[in-house]
Amino acid sequence: MAFNLLPKEGKFFEFLSMQAENIVKAAAAFKEAVKAGPFSEETVRKIKDFEHEGDTLAHEIADMLNRTFITPIDREDIYSLSNNLDDVLDMVNSMTNRIHLYRLNPSNDGMIAFADNIGQAAHALSNAVRHMHDTKRARRVLDYCIEVNRLENMGDQLRDKTISGLFEHEKDPIMVIKWKEIYEGAEATLDTCEHVAKVIEAILVKHG
Amino acid sequence: MAFNLLPKEGKFFEFLSMQAENIVKAAAAFKEAVKAGPFSEETVRKIKDFEHEGDTLAHEIADMLNRTFITPIDREDIYSLSNNLDDVLDMVNSMTNRIHLYRLNPSNDGMIAFADNIGQAAHALSNAVRHMHDTKRARRVLDYCIEVNRLENMGDQLRDKTISGLFEHEKDPIMVIKWKEIYEGAEATLDTCEHVAKVIEAILVKHG
Amino acid sequence: MAFNLLPKEGKFFEFLSMQAENIVKAAAAFKEAVKAGPFSEETVRKIKDFEHEGDTLAHEIADMLNRTFITPIDREDIYSLSNNLDDVLDMVNSMTNRIHLYRLNPSNDGMIAFADNIGQAAHALSNAVRHMHDTKRARRVLDYCIEVNRLENMGDQLRDKTISGLFEHEKDPIMVIKWKEIYEGAEATLDTCEHVAKVIEAILVKHG
């Protein structure tokens with residue numbers, strides 16, 4: 001029974017994919033909530049649940065790393081990718097908390113565009129992670145990473161548009177402070193997605 | 001006289017421990033100052049002295065790395081851990097400056113809880129660093145890292161509580177801007193502590 | 001024809017130097033614009049052009065890494081240095097956008113001092129990168145890195161001075177929000193320069 005000598009190797013990519021897929025689901029839930037209006041306690045709990053699931057997956061990957069001798073790519077790269085994926089979810093969760101805490105109604109054009117953008121970036125990251133194991137087809141993975149970069153660029157433009165609109169139309173400084181933080185958080189979430197893409201690209205470069 | 005062939009090896013852990021211990025002392029001084037009320041020039045100077053001491057230790061570690069051929073763990077990991085420990089102290093120093101510059105009285109429940117939390121995180125980090133050399137007992141080090149994660153989670157809750165309280169009770173936008181930065185700085189200090197814990201965990205994973 | 005067996009090796013340092021030189025030019029243009037008063041569309045476009053050039057150079061380096069088997073220093077270090085240099089330019093570009101977007105007149109003592117400081121840091125980084133290939137004279141490169149650290153320390157002082165001045169003289173909270181972001185962005189640009197210096201130092205440590 002010499003088949004499948006290194007069953008653990010594949011598991012890393014499987015668990016990283018599960019982490020990415022969990023982000024896709026969280027981003028979809030976030031987008032639905034943004035469209036619907038002010039956040040309920042239930043929305044906050046729902047996103048928190050995704051974040052917990054993400055933490056669990058990250059810990060499982062760390063534990064696997066501790067128990068596995070041979071890894072398909074450098075162990076510190078798996079660790080870094082897993083941590084960076086976790087950061088994306090932390091930021092979605094943090095934005096959700098802030099919107100709720102500040103009692104804001106997020107259902108406006110700018111915020112919906114941001115939520116949509118984050119959803120697409122999560123999707124592209126998930127595709128990139130899912131195909132990473134196939135090192136012979138690195139081009140495909142790189143294309144997903146480029147897609148994430150494109151979405152992050154759009155995020156920069158969205159940020160400029162939403163914040164200049166804010167300074168133009170909102171005269172209450174307290175509301176400016178609150179919304180500025182939310183829009184910046186949305187852009188920072190896309191920056192974090194781009195950072196994950198860069199980690200993936202760096203891994204490909206190393207194995208190129 | 002073949003004993004102690006590699007005296008330099010142990011020194012890295014000794015100096016990293018001194019760096020961590022220096023943070024413990026700075027955090028204790030910060031906590032005392034927060035409890036006492038508005039910061040004096042002397043408080044600012046005292047914390048600055050700890051930061052200088054930290055810089056000196058970090059430079060000594062970098063110099064040792066330049067002169068040592070064999071290191072107990074990868075040289076770039078020692079370098080990264082030292083830099084990240086330094087970041088914690090930079091943030092405590094930066095918060096201290098800001099509180100003084102903005103002429104705030106930090107002696108309130110939220111800020112005292114933050115200072116206490118930072119003190120505990122510094123203590124846990126110091127314990128983790130002090131036991132890192134004993135790779136056979138990695139579990140103990142990991143437990144200290146988990147303690148840092150727990151304190152960082154408490155920091156997130158503290159941040160939500162202090163900032164929502166701020167928006168509720170403080171009507172002067174200028175004061176909101178100032179205090180929001182201080183509370184966010186306190187939380188970011190705990191994030192940096194957690195980052196150090198992650199660097200330590202990554203080193204353990206690599207040598208696991 | 002055995003001469004120049006590894007022509008690609010030198011190219012990495014050449015391209016990294018071009019990236020650094022591009023930052024020097026962008027920082028000079030930024031400084032000129034700051035002195036001249038409110039930013040025109042043309043200023044924004046000019047800085048954006050430098051950023052595009054920087055992106056192109058970073059992509060060319062990444063492509064070279066993908067096609068080159070032997071690299072003069074670890075491929076992930078080249079990749080990291082290139083990305084971090086790119087971050088500096090992103091921040092100069094982002095500050096430029098913000099000043100334009102917020103319709104601010106940047107021609108004041110604090111902002112001119114910041115622009116001057118950033119120009120000097122870019123210059124020191126460029127010198128450091130240009131001499132990196134000569135590993136036997138690491139001391140010279142380290143001196144340029146120390147110069148960057150000094151400029152970053154001055155940046156911290158500038159930040160304290162400009163922001164405390166802001167809270168003292170500016171009574172409109174909206175203007176405080178806008179200027180605070182600009183001054184913090186200027187300091188963060190210097191932090192990023194220091195981060196590049198740390199990446200260079202870490203590479204030297206590794207090869208020390």
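**Legends to close-up views of the predicted model**

**View 1. Overall make-up of chain A.** Read along the sequence, chain A of this predicted model follows the pattern α-α-α-α-α-α, that is, six helices and zero strands, where helices (H or I, at least four residues) and strands (E, at least two) are DSSP runs numbered from the N terminus. The radius of gyration of chain A, taken over C-alpha atoms, is 18 Å, close to the 17 Å that the globule rule (2.2 Å times the number of residues to the power 0.38) gives for 208 residues, so chain A is as compact as a globular protein of that length. Residues are numbered from 1 along each chain as its sequence is written, and chains are lettered from A and ligands numbered from 1 in the order in which they are written. Local features need pLDDT of at least 70, side-chain atom pairs count only at pLDDT 80 or more, and totals for chains, interfaces and linings use all residues.

**View 2. Helix α3 of chain B.** Following α3(B) is B:R103, whose phi is positive, near 50°.

**View 3. The axis relating chains A and C.** Chain C is superposed on chain A by a rotation of 120° with 0.0 Å of shift along its axis (RMSD 0.0 Å), using least squares on the C-alpha atoms of residues with pLDDT of at least 70 in both copies. That is the relation of a three-fold axis. In chain C, the C-alpha nearest the axis belongs to C:P173, 3.7 Å from it.
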